Amino acid sequence: MELLIENLTKAMDEVQILDQINLKINSGEAVALVGANGAGKTTLINCVLSIYTQYSGNIYLNGFNVKEKECESERKKIAFVLDTTGLFSTLNAWDNLEFYDRIYHPESSAKERKERLSSIFSEISLSGKEKMPVTKYSKGMKQRLAIGRTLVTHPELIVLDEPYLGLDFEGKYFLTNQLLKLKKRGCTVLLSSHDLTEIEKVCDKAIFIKGGVLKEEKELSKCGRSETEKSELEQMYARVLM
C-alpha cells in the first residue's frame, strides 16, 4: 500500500503539533519515525489511522483521500499495534484472536477458523499457550499476540507506535523478524521507535521529526559495521535532533 502525506498540519489547544509534514511511503517499504518524546510521531500516526480527523492537509492511501468514503475499503487493509496492545484483558489469547477473525472472516467455517488461528499461533510462537488469560502473558507475549491479531487481517499496511518499548532481547528479535516477514510479503510498514538498532534492521528509510517539523529523511543502507562504530542513525540522531 502506498501512503502519501501532503502538508499535514495539526494543532491541539492552539499548540502546533505537526507543521507542514510531507511524506511518501512506497508500497512494500518500511519507514521509521524518529524523534524525542513529544516530537509529533504519535500524532502523525493517529492522523494516518483516522483517530484524529481534524487537521489540514491530506493523507492518501493508494491514491484515495482517507477523509473520503471511497477510501473505506483501503482503510480496512491497515493493521496497527499502538503503545497499548489493544488486547481484551478479560479474554484468553485464543478468544482475542477469534474475536477479530470473526469480524474479518465472518463466512468461515469452524474448521477453517481453527486451522487459520492455529497457524497464526504457531507463527507467533505461542502454540500451547492459546487458552492462557492475557493477564498472565508477559509484555513480550502480549506483543506477539498483538502481531498475531494483525495477521488475521492480511494487512497491506501495518502501523506500529513504539513496538519495541519494554521488550527484552528475545521479544525484539521476534518482532524484528515478524516485520521482515511482513515486508517480504509486500506489506508496507510505518513505525515510530527510539530503538535505532532495530530500526536499521527493518527499515528502508528514517524520518527525523523535531517539534512537529520533518527535519530530514535518511535512506538506510544494510551494510555491516563493527560493534564499536556508531550506526548511521545514531550519528544522524545526534546531528539532527540533539
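The questions below cover a helix, a surface patch and some backbone angles in this predicted model.

User: Is helix α1 largely enclosed or largely open, and how many of its residues are buried?

Analyst: Helix α1 covers residues 41-48. Buried means under 20% relative accessible area. K41, T43, L44, I45, N46, C47 and V48 of α1 are buried. The helix is therefore largely enclosed by the rest of the structure, and the buried count is seven of the eight residues.

User: Which residue with a positive phi follows α1?

Analyst: Phi is near 65 degrees there, a positive value. The residue that follows α1 with this angle is S50.

User: What is the area of the nonpolar surface patch that includes Y104?

Analyst: Y104 lies in helix α3, residues 93-104. Its relative accessibility is 36%, so Y104 counts as partly exposed. Patch members need over 30% relative accessible area. F88, F99, I103 and Y104 make the patch, with an area of about 360 Å².

User: Where is N7, and what is its phi?

Analyst: N7 is found in strand β1, residues 3-12. N7 is partly exposed, at 37% relative accessible area. Most residues other than glycine have a negative phi. N7 is not a glycine, yet its phi is positive, near 50 degrees.

User: Is H154 buried or exposed, and at what relative accessible area?

Analyst: H154 is found in the loop between α5 (139-151) and β7 (157-161). H154 is not a glycine, but its phi is positive, about 50 degrees. Exposed means over 50% relative accessible area. H154 is therefore exposed, with a relative accessible area of 56%.

Note on methods. Residues numbered from 1 in each chain as written. Predicted model: local features only at pLDDT ≥ 70, side-chain atom pairs only at ≥ 80, totals over all residues. Heavy atoms only, no water. Patch = residues over 30% accessible without salt bridge, like charges linked within 9 Å, V, L, I, M, F, W, Y side chains within 5 Å. Areas by Shrake-Rupley, 256 points an atom, 1.4 Å probe, with all protein chains shown as cover. Salt bridge = Lys/Arg side-chain N within 4 Å of Asp/Glu carboxyl O. Helix = DSSP H or I, 4+ residues; strand = E, 2+ residues; numbered from the N terminus. Buried < 20%, exposed > 50% of the residue type's maximum accessible area, 1.4 Å probe, protein only.
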